[in-house]
Amino acid sequence: MLSTLIALLCLEILSKPIIWAKPNFMIPSGMPVIIWCQGTHKATEYELHFEGHLFALETPNPRGMTNKVKFSIQTMTSHTAGQYKCLYRSGEHWSEPSDPLDLVLTGMYDKPTLSVHPGAEVISGENVTFYCRLETATSTFFLIKEGRSSRPQHKYGNIQADFYMGPVTTAHRGTYRCFGSYNNHLWSFPSEPVMLLVTGDVGNTSLASTEQPSSPDSWKPSLLTTKMEFQKDLAIWDHTSWNLFRISLAFLVLVAVCLLAKDWLCKKRTPEGADRASSQECRFQNTKILG
């Protein structure tokens with residue numbers, strides 16, 4: 001048992017890698033995408049898995065000088081849309097898989113229409129609802145605000161989904177688009193943009209967006225916030241917490257090993273001390289008898 005605990009302490013603790021996509025997790029049909037996997041500088045090999053199967057291998061170049069590698073997909077199709085994970089090897093040990101990265105193919109089938117009620121210009125504190133409509137066989141809709149501070153919202157519906165917001169503040173102003181989804185990784189073309197202008201904010205403006213409303217022709221996939229970037233930030237926090245937990249656990253195991261070793265030494269010394277005491281008592285009695 002003692003040797004097992006010591007062996008566990010000697011194992012290398014490998015942090016979970018981080019995975020993300022550039023320019024975005026949403027890729028128009030036929031466009032390229034790069035998947036990045038970040039491990040440690042000690043990593044000697046990286047694996048990319050797609051839908052649970054090995055997809056590609058990469059080695060860091062130059063080795064030991066970088067802690068990440070890239071996997072390139074030249075043309076995004078329905079066959080490359082799906083869930084990806086990566087892991088890396090250091091020495092003889094493999095890390096655990098990264099959090100999943102869902103690559104979405106856009107530009108499939110029809111284009112939904114997006115409207116907003118009561119209008120594109122509202123006063124702070126009003127309730128606003130976006131309506132995304134697509135009259136084809138879809139069941140899931142996504143609403144996305146352009147900019148790096150927003151994440152996709154999703155709703156279910158047959159031909160229309162209602163995205164309720166309210167009461168709104170200036171943090172809600174910006175340009176919105178919506179998508180219809182045919183499955184988790186195949187989305188429609190984006191809708192035409194709808195610009196929401198919120199005026200007269202009487203609440204706390206510290207949360208207000210600093211982004212300027214964009215023009216209808218300025219939409220690019222790279223401008224949209226990716227779900228993976230949000231997961232990357234969470235992953236960094238999770239990895240730090242998990243590493244602190246494992247270091248604390250290793251410390252507790254080390255303390256247990258020391259206590260076990262101390263107890264074993266005490267038990268070993270006790271019989272020896274008893275034998276010496278018995279020998280001294282015998283010598284004392286013999287001396288007393290002879291005297």
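## Ser 191 and its surroundings

Ser 191 touches Lys 111, Pro 112, Leu 114, Arg 177 and Cys 178, not counting residues up to four places away in sequence. Contact here means heavy atoms within 4.5 Å. This is a predicted model: local features need pLDDT of at least 70, side-chain atom pairs count only at pLDDT 80 or more, and totals for chains, interfaces and linings use all residues. Residues are numbered from 1 along each chain as its sequence is written, and side-chain values use heavy atoms, with hydrogens and water left out.

Ser 191 sits in the loop between β17 (186-188) and β18 (194-199). Helices (H or I, at least four residues) and strands (E, at least two) are DSSP runs, numbered from the N terminus. Ser 191 has 0% relative accessibility, so it counts as buried. Buried means under 20% relative accessible area, exposed over 50%, and partly exposed in between (1.4 Å probe, protein chains only). Ser 191 and Lys 111 are 80 residues apart along the chain, yet their C-alpha atoms are separated by 5.6 Å. A polar atom of the Ser 191 side chain lies 2.9 Å from the backbone nitrogen of Cys 178.

## Aromatic pairs

A pair of aromatic rings is described by the distance of the centres and the angle of the planes. Rings of Phe, Tyr and Trp (its six-membered ring) pair if their centres lie within 6.5 Å; planes under 30 degrees apart count as stacked, over 60 as edge-to-face and the rest as tilted. The count by this rule is nine aromatic pairs. In one of them, the ring centres of Phe 130 and Tyr 176 are 4.6 Å apart and the planes stand at 35 degrees, so the pair is tilted. Phe 130 belongs to strand β12 (residues 128-133) and Tyr 176 to strand β16 (residues 174-183); the pair links distant parts of the chain, 46 residues apart. Both Phe 130 and Tyr 176 are buried.

Phe 179 and Trp 187 also form a tilted pair, at 5.4 Å centre to centre and 50 degrees between the planes. Phe 179 is buried at 1% relative accessibility. Trp 187 is buried too, with a relative accessible area of 2%. Ring pairs join Phe 25, Phe 142, Phe 179 and Trp 187 in a cluster.

## Thr 44

Thr 44 lies in the loop between β3 (33-38) and β4 (45-50). Its relative accessibility is 18%, so Thr 44 counts as buried. Neighbours within four places in sequence aside, Thr 44 contacts Thr 59, Pro 60, Arg 63 and Arg 89.

How values were computed. A polar contact is a pair of N or O atoms within 3.5 Å; within protein, one must be able to donate a hydrogen and the other to accept it, and residues adjacent in sequence count only if both atoms are side-chain atoms.
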